[in-house]
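The sequence and the model are shown first.

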Amino acid sequence: MESTWNLSISKAEEKSKAALVLLFCVFSIAFFHAPESHAQSIALRQHLDVSQPAAMSIDRLNNIYLTDRKNNVHQFNGAGQLINTYSPPRTGNIGTIEAWNAMKVMLFYDDQQKIILLDRFLNNIATIRLRDITDGLIKVATTAADERVWLFNESEFSLLKYDPRTSEIVSTTPLNLTFDRKKADIRYMREYQNMVYVVDKTTGIYVFDNLGNYKKTLPFPELSYIGFRGDELYYLAGGKLRFFNLYSFAERVYDVPPVQNYKQALVGEDLVYLLSESGLDLYEFE
């Protein structure tokens, strides 16, 4: 009886993996046949000197948040004027900063396995110690629209949704049937328009709904960061800033000047913000 049950589980897993492969192929065909416009240009407007910049994020109000190697957080308005600075009382490595919800800016310290939440004035309003939540290693974290937090547990290979108000994990999604665990290299995660986008550098972007159910895979490998603007996803790749419409699959492309080795891009209301080792460059659309 046990042997029959194991055989049934094995067949179910094979069917599930086959369905995921088929979905990926169908989407890839649709994507690569979607229209792509000719590359457009952007023009440098301003350069901001920042000592050893590390990561950045943008909020709904078009403010830019930039961390440095000393883990200070610098807040700029959309025009590049410094508004505020947060200096943590202890050192640590901020692996991710997520500021889309300007009322709660998230700092994920991957080395200390903790999350600090800041208000819009960059005051510390909460600390979440992840070792109190799970025994596993949390590699990536991001905020959710319902005041909860998404966590990628690398040890257990699962997607968790945690509620800081009740100190409870409200959902757990095993990822063994969705990812190839041996090849997976999860770099970034972001919730947008009720969907959760998990960036796997080896394969592409896995998309889940806000309940943790897998939906599809976007075939964009070799990425470590993505952003969103309107109905578009954007990313840096091959010396270009690429925009991908989440619904029509149409793509538009901007050439990025080769004067710097840019590692991250943010797109605001009027400007493009490109981050390099020497600081932050502000570009205008031409």
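Two strands are taken to pair if DSSP finds at least two bridges between them. The model described here is predicted. In it, strand β19 (residues 232-237) and strand β20 (residues 240-245) run antiparallel and are joined by 6 bridges. Within this pairing, Y234 stands opposite F243 in β20.

Both strands belong to an open sheet of 8 strands with mixed pairing, ordered β18-β19-β20-β21-β1-β24-β23-β22. At its edges lie β18 (227-229) and β22 (264-267), each of which pairs on one side only. From one strand to the next, the twist averages 30°.

The count of aromatic pairs comes to 17. A pair of aromatic rings is described by the distance of the centres and the angle of the planes. Two of the pairs are listed below.

| Pair | Distance of centres | Angle of planes | Class |
|---|---|---|---|
| F220 and Y235 | 5.1 Å | 35° | tilted |
| Y234 and F243 | 5.7 Å | 45° | tilted |

F220 and Y235 are both buried. In the other listed pair, Y234 is buried with a relative accessible area of 2%, and F243 is buried with a relative accessible area of 0%.

F243 also has a charged neighbour: R252 lies over the face of F243, at 4.1 Å from the ring centre. Likewise, K114 lies over the face of Y109, at 5.2 Å from the ring centre. Elsewhere, one aromatic cluster is formed by F152, F157, F179, Y206, F208 and Y214.

Conventions: Residues numbered from 1 in each chain as written. Predicted model: local features only at pLDDT ≥ 70, side-chain atom pairs only at ≥ 80, totals over all residues. Heavy atoms only, no water. Helix = DSSP H or I, 4+ residues; strand = E, 2+ residues; numbered from the N terminus. Axes fitted to C-alpha atoms, helices over the stretch in contact; angles between N-to-C directions. Phe/Tyr/Trp six-rings, centres within 6.5 Å; stacked < 30°, edge-to-face > 60°. Buried < 20%, exposed > 50% of the residue type's maximum accessible area, 1.4 Å probe, protein only. Lys NZ or Arg CZ within 6 Å of the ring centre and 35° of its normal.
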